[in-house]
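Keep the viewer open and follow each stop in turn.

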Amino acid sequence: MPETINYPIPNLPVSNRPKLVILGGGFAGLKLARKMVNSEYQVILLDKNNYHQFQPLFYQVATAALEPSAISFPLRKIFHHTPNITFRMAEALEVDQDNKRLFTNVGYIDFDYLVLAMGADTNYFGMKNIMEHSTPMKTVSEALYIRNRIISNYERAINVADVEKRKSMMNVVIVGGGPTGVELAGAIAELRNNVFPKDYPELNFQNMRVVLAEAGPKLLAGMSSEASDKAVVYLDKLGVEIMVNAVVEDYDGLTIKIKDHESLETRTLLWAAGVKPNHIKGLREDQMIPNGRLKVNEYNALVDADGVYVIGDLCIQTDEEYPRGHPQVAQVAIQQADNLANNLKAMADNRPLKKFKYKDLGSMATVGRSLAVVDLPFMKFQGFFAWITWLFVHLMAIVGVKNRIFIFLDWAWNYLSFDPSLRLLIRPRYVKPKEKEELVEDKHEEYDSK
């Protein structure tokens, strides 16, 4: 166990119910916890943030279309008046599978059942320079940083006399041609075409390049060829430069080196090229595949483990239809959480368990104003109706009625005015290293005194 963690998480409720610990408040963890309300279990939900983040709309925070609070929802508020659900903001450090104990930065907790739903993080494929100089978009904080970075570059560029130096500040390069990359490229291109020229009339935005680079042969590889081809048409209409079979090799903060393509100069490289599973100590190599995803059976139970389950992007579950595992998308995570919740309730009632079977509900991506592509199991369509479908599906998936209303009003205003009003350069207060050390010392003194 971690040497400094020799105390339990304080102030947890005492209960004779089986203790179910859920690690992660994303799509999978939140769905599972909500399904377990008023169940026979004492549920402890742990997350390093005290809010749920709606990842599909990160790009709209990054492009000033939505405020961060609109796509974030306090986890504690969700579980008001649910006595069997407890939330703690904590970061997991290690799991002791043999003794059924989870260590966190605020103490340890013993469990009867543990569900790992930590999701995935940005994958830089071992390229240290890319990790150091590019900007990912896997959290609300990172999306807000992108917004600040882009606006800051233009505020700086307007004070630079040299045209060539201004170009590198104005150019934006997105790496990764999946839904995130396509949506981000389209949104930035629309800002370049319709909004920034009004904010910065002194700058020539014909000099600003929006480039989307994809290592594979086509965009939206997980969708149909019709959707991929139409996305290219829409992006081209918006003035996005598309590069396929473009493997990024290096980036020093200014110049991007791309295999078999021209080098690009930009101060803003947005990385949306892949994900890797989040991990904690205590998981064995025989329980995972080379890329880090954890092996589970048809009930989402971790192989060779007692009482440990894995759902969402972190797990890999194979069958005849998905021999390489299910896609790492929200619908898989939500359906796995739903099935696991039913099985946990069945276990409490001594009823038979149900194997997980993924039902593909389709996929979609928006490219810009009134432009989207939708692939459903029974039909495929693109254009304005696809865009309306995308808006409705995402609006209904947002947690909280208030958030839905705010997002709907923001979308309506942006559609009618074509002038989002959130282009604010707000930087969080910097915490000095000395202050960080004092915070850590105070935490240890508090627990030592106990």
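At what angle do the axes of helix α10 and helix α11 cross? The model is a predicted one, and in it the crossing angle is roughly 155°. Helix α10 covers residues 384–397 and helix α11 covers residues 401–417. Their axes come within 10 Å. Angles over 145 degrees count as roughly antiparallel, and α10 and α11 are therefore roughly antiparallel to each other. The crossing of α10 past α11 is right-handed.

Now look at the side of α10 that meets α11. Phe384, Trp387, Trp390, Leu391, His394, Leu395 and Met396 make the contact from α10. From α11 come Arg404, Ile407, Phe408, Trp411 and Tyr415. By class, this contact has 10 nonpolar residues, one polar and one charged.

Trp387 belongs to the α10 side of the helix contact, while Trp411 and Tyr415 belong to the α11 side.

Rolling a probe the size of a water molecule over the atoms shows where empty space is left. The structure has two cavities of 30 Å³ or more. The second largest cavity has a volume of about 40 Å³. Which residues line the second largest cavity? They are His52, Phe54, Ala70, Ile71, Ser72, Phe73, Ile398, Val399 and Asn403. Six of the lining residues are nonpolar, three are polar and none is charged.

The last stop is another helix pair. Helix α5 spans residues 140–157 and helix α6 spans residues 163–170. Their axes lie 9 Å apart, at an angle of about 170°. This angle, too, falls in the range over 145 degrees, so α5 and α6 are roughly antiparallel to each other. Asn153, Tyr154, Arg156 and Ala157 make the contact from α5. Arg166, Met169 and Met170 make it from α6. By class, the contact of α5 with α6 has four nonpolar, one polar and two charged residues.

Methods. Residues numbered from 1 in each chain as written. Predicted model: local features only at pLDDT ≥ 70, side-chain atom pairs only at ≥ 80, totals over all residues. Heavy atoms only, no water. Axes fitted to C-alpha atoms, helices over the stretch in contact; angles between N-to-C directions. Helix = DSSP H or I, 4+ residues; strand = E, 2+ residues; numbered from the N terminus. Parallel < 35°, antiparallel > 145°, perpendicular 65-115°, else oblique. Left-handed = near helix turned anticlockwise from the far one by under 90°. Contact = heavy atoms within 4.5 Å. Nonpolar A, V, L, I, M, F, W, Y, C, P; charged D, E, K, R; others polar. 1 Å grid on protein atoms, 1.4 Å probe; cavity = no way out; pocket = protein on both sides within 12 Å on 5 of 7 lines; lining within 4 Å. Points joined across faces, edges and corners; volume = space filled by probe spheres on them.
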